[in-house]
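Please read the following report alongside the sequence and the coordinates. It takes up charged side-chain pairs, a pocket and a helix in turn.

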Amino acid sequence: MIGNYHKVADYNDYALFDVYRKLAPADLTDVVDFWRRNDALPKGLSEAEALGRAAQVAVVVVRDGRIAALASVYVARAPRDGQPYYFYRKFVEPGHRIYLMWREMLAQTYTILKAWKPLHLPRKPMGIIVVPENRKLTRKSVLRAGNKIGFYTIGYLPNGDPVYGRKFDESVTENLAAPEPEAL
């Protein structure tokens with residue numbers, strides 16, 4: 001990474017940087033190289049499409065001067081209410097998948113995007129939606145960890161997996177998931 005970006009957090013020996021809409025051209029290429037090295041891009045994606053996706057990165061996680069993880073977002077309409085939201089994606093290099101780093105990445109992305117003033121959109125997205133691609137990210141312990149930073153189950157995929165999110169106006173205040181059974 002050659003750009004001079006604002007550090008938003010330290011997590012263990014990792015530094016998290018706000019790069020949303022700020023990545024230098026050489027750093028965009030480094031992001032694409034990181035994804036390709038880790039086979040983290042969809043098959044058949046052109047170089048232009050990969051660079052476009054790299055421009056969506058909000059948080060870069062760096063360790064020892066190298067990219068270890070990325071969080072990116074794209075704007076789309078939610079099927080439930082038809083409103084625009086940021087849809088969240090992340091990738092953590094296998095050797096750097098440490099306890100709860102995902103939560104720090106998500107929390108920092110939320111903070112960055114809540115403060116962001118989009119000039120190129122007709123209106124600011126309502127919040128962030130996370131559609132987990134990995135079933136491990138739908139476990140109750142993971143969802144509870146997300147609850148601690150204000151993310152709640154807001155709906156379900158057709159296969160029954162939860163979708164979680166957080167609105168910038170904080171109007172999502174209850175978890176739609178079934179409550180935990182009470183202890184006898």
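The sections below begin with the basis of the values and then go through these topics.

## Basis of the values

This is a predicted model, in which local features need pLDDT of at least 70 and side-chain atom pairs count only at pLDDT 80 or more, while totals for chains, interfaces and linings use all residues. Residues are numbered from 1 along each chain as its sequence is written, and side-chain values use heavy atoms, with hydrogens and water left out.

## Salt bridges

Side chains of opposite charge can pair when their charged atoms come close. The structure holds seven salt bridges, a salt bridge being a side-chain nitrogen of Lys or Arg within 4 Å of a carboxyl oxygen of Asp or Glu. One of them joins Asp 10 to Lys 7, with 3.3 Å between the closest N and O atoms. Asp 10 is exposed at a relative accessible area of 52%, whereas Lys 7 is partly exposed at 40%; here buried means under 20% relative accessible area, exposed over 50%, and partly exposed in between, with a 1.4 Å probe and protein chains only.

Asp 13 and Arg 63 also meet through their side chains in a salt bridge, at 3.5 Å from N to O. This pair links distant parts of the chain, 50 residues apart, since Asp 13 sits in the loop between strand S1 (6–11) and strand S2 (14–18) and Arg 63 in strand S3 (residues 57–63); helices (H or I, at least four residues) and strands (E, at least two) are DSSP runs numbered from the N terminus. Asp 13 is exposed, with a relative accessible area of 57%, while Arg 63 counts as partly exposed at 27%. A further salt bridge holds Lys 43 and Asp 39, whose closest N and O atoms are 2.8 Å apart. Lys 43 is exposed at 70% relative accessible area, and Asp 39 is exposed at 55%. Elsewhere, salt bridges that share partners join Lys 114, Arg 166 and Glu 170 into one network.

## The second largest pocket

The second largest pocket has a volume of about 350 Å³. On a 1 Å grid over the protein atoms alone, a pocket is an open set of points where a 1.4 Å probe fits, with protein on both sides within 12 Å along at least five of seven lines, and lining residues have an atom within 4 Å of a point. Grid points are joined across faces, edges and corners, and a volume is the space filled by probe spheres set on the points.

Of the 18 residues that line this pocket, Ala 78, Arg 80, Ile 129, Ile 154 and Gly 155 are the closest to its centre. Strand S5 (84–92), strand S6 (127–130), strand S7 (152–156) and strand S8 (162–167) are the elements that give two or more residues to the lining, and S8 gives the most, with four residues.

## Helix H1

Pro 25 lies in helix H1 (residues 25–37).

The buried residues of H1 are Asp 27, Leu 28, Val 31, Val 32, Phe 34 and Trp 35. Seen down the axis, these buried residues fall within an arc of 155°, so they line one face of the helix; the arc is that of the directions from the helix axis to the C-beta atoms. On the other side of H1, Pro 25 and Arg 37 are exposed.
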